[in-house]
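Biologist: I would like a close look at one part of this model. Please keep the answer brisk.

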Amino acid sequence: MNITHLDVERIQHAFSPAQEIQDPKLFVGRRAEIEEGMRALLNRGGFLAIFGLRGVGKSSIAYQIKLIAEGDRTLPRVFGIERLIPMKGFDYLVHYIRCDSFVTNIRDLLKRLMFGDESNPSLFSLTKSGDKQLKEFRRILQAEGGIGAFGAKLGGKGTEERTYSTFISDDTIQQFRKLLGTVQRDNQNKSGLLIIIDEFDAIRDKSGFSSIIKTCCTDFVRFGVVGIGATVTELIEDHTSIGRQIDTIEIPLMPHEELRHILRRAEYKIGKTITFENDAAIKIAEQAQGYPYFVHLLGREAMLMAFMADSPRVLVDHIEALAKKINEGRLTTIYEDIYQEAVKHSPQREILLKLFSEQDSEDIHTESVYTTARDLGITNPSQLMKELTKQETQTGVLTKVRDRYFRFTDPVFKVYARMRNWKY
């Protein structure tokens with residue numbers, strides 16, 4: 001295809017910085033992690049925990065495990081690990097939901113699992129009566145009567161109440177268990193039910209979750225959680241009570257070769273109308289520092305530069321021009337907005353932020369940072385930290401992990417702050 005006939009929308013779709021990779025044909029690398037996920041699917045009654053730093057591709061891996069569990073063989077075939085698929089194949093029901101700020105505790109989580117919302121399906125949809133059953137149950141909850149487990153009014157006597165009384169109880173867990181039992185009875189031909197909870201770390205109060213796992217996991221029902229954490233302990237409170245049920249998949253930073261493979265897949269997606277010069281691909285991988293998010297972002301922007309210049313090759317010159325654009329804060333990205341919010345009108349706060357971003361370790365001790373800050377004229381760096389760690393408004397870019405140790409809330413932002421030139 002000639003570059004003049006290339007639709008710019010194909011370039012946009014060749015990269016995915018804003019959401020997980022859903023198409024297994026565009027998924028790159030992570031063979032070991034996918035293999036671990038497949039082994040976990042064979043572990044009846046187990047519990048899957050996918051964790052790692054923000055921006056390393058946890059959700060993309062979780063989505064591919066979902067597809068494999070449902071019977072998609074594309075990725076196992078590509079990786080040459082089809083032998084890990086049982087003879088009868090995987091045929092799970094997979095209920096995949098995402099948490100957000102509205103899910104504050106485990107009670108909220110169960111409500112979302114059971115009832116769903118505009119973006120997440122309801123477990124009722126996996127029963128034979130499906131939406132009809134859900135609508136009737138909601139109607140009962142909204143009718144006049146006493147207060148039920150979810151703070152909604154329950155209905156009076158009648159056929160509907162008798163039909164759905166098994167779901168109406170002050171014991172939320174028992175309601176949930178009974179619904180899981182109904183899903184199993186209505187789907188006995190399936191391998192099992194896998195409930196994947198993405199953005200699990202968004203739940204502020206996780207107390208009681210281990211009890212849910214121990215109570216509800218069976219040979220048919222199993223759970224998986226996906227979220228930010230350097231260890232499984234950071235992701236799941238009281239994980240020790242779950243014991244040997246946990247299958248953990250820790251997602252590390254992506255190796256350079258796999259990062260460059262993202263660019264090759266993007267070339268394939270647009271029919272190789274535009275390709276990356278080898279040195280240009282290496283530079284993007286180096287700048288990404290192990291985060292696939294940056295490869296998708298920088299790769300897309302660099303390819304658009306080449307497209308606008310009618311160049312069939314992304315050159316080092318394009319990458320250097322892009323780096324300058326980031327350096328000057330002219331690249332449209334959420335991380336520039338975060339940078340502006342963190343720095344605002346304070347040159348001293350910017351100095352402190354930049355000093356933290358230059359530290360190689362994930363958990364950063366304040367001693368060396370504060371010493372350098374004082375040498376640069378900041379008399380009270382600990383006072384400035386209050387603005388950089390504003391957790392109550394969720395605008396803090398740093399978070400305290402233990403005494404005198406801080407970590408970037410989003411390590412991808414740390415990379416951006418390091419690349420970004422001084423505002424003042």
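Predicted model: local features only at pLDDT ≥ 70, side-chain atom pairs only at ≥ 80, totals over all residues.

Modeller: Residues are numbered from 1 along each chain as its sequence is written, and side-chain values use heavy atoms, without hydrogens or water.

Three strands form an open sheet in the order S8-S10-S9, with antiparallel pairing (strands are DSSP runs of E, at least two residues; helices are runs of H or I, at least four; two strands pair if DSSP finds at least two bridges between them). The edge strands are S8 (364-365) and S9 (398-402), and each pairs on one side only. S9 and S10 (residues 405-408) run antiparallel and are joined by four bridges. Lys400 has Phe406 of S10 as its bridge partner.

Now the charged pairs. Arg407 and Glu362 meet through their side chains in a salt bridge, at 3.3 Å from N to O. Arg407 lies in S10 and Glu362 in the loop between helix H16 (347-357) and S8, so the pair ties together parts 45 residues apart in sequence. Arg407 counts as buried, at 14% relative accessibility (buried is under 20% relative accessible area, exposed over 50%, partly exposed in between, with a 1.4 Å probe and protein chains only). Glu362 counts as partly exposed, at 33%.

Arg402 forms a salt bridge with Asp363, and their closest N and O atoms are 3.2 Å apart. Arg402 sits in S9 and Asp363 in the loop between H16 and S8, so this pair ties together parts 39 residues apart in sequence. Arg402 is partly exposed, with a relative accessible area of 42%. Asp363 counts as partly exposed too, at 22%.

Glu20 forms a salt bridge with Arg98, and the closest N and O atoms are 2.6 Å apart. Glu20 is in the loop between H1 (8-14) and H2 (31-41), Arg98 is in S2 (residues 92-98), and the two are 78 residues apart. Glu20 is buried, with a relative accessible area of 11%. Arg98 counts as partly exposed, at 31%.

Five strands form an open sheet in the order S2-S3-S4-S1-S5, with parallel pairing. S2 and S5 (246-251) are the edge strands, each pairing on one side only. S1 (residues 47-52) and S4 (residues 221-228) pair in the parallel sense over six bridges. The bridge partner of Gly52 in S4 is Ile228.

Key
Salt bridge = Lys/Arg side-chain N within 4 Å of Asp/Glu carboxyl O.
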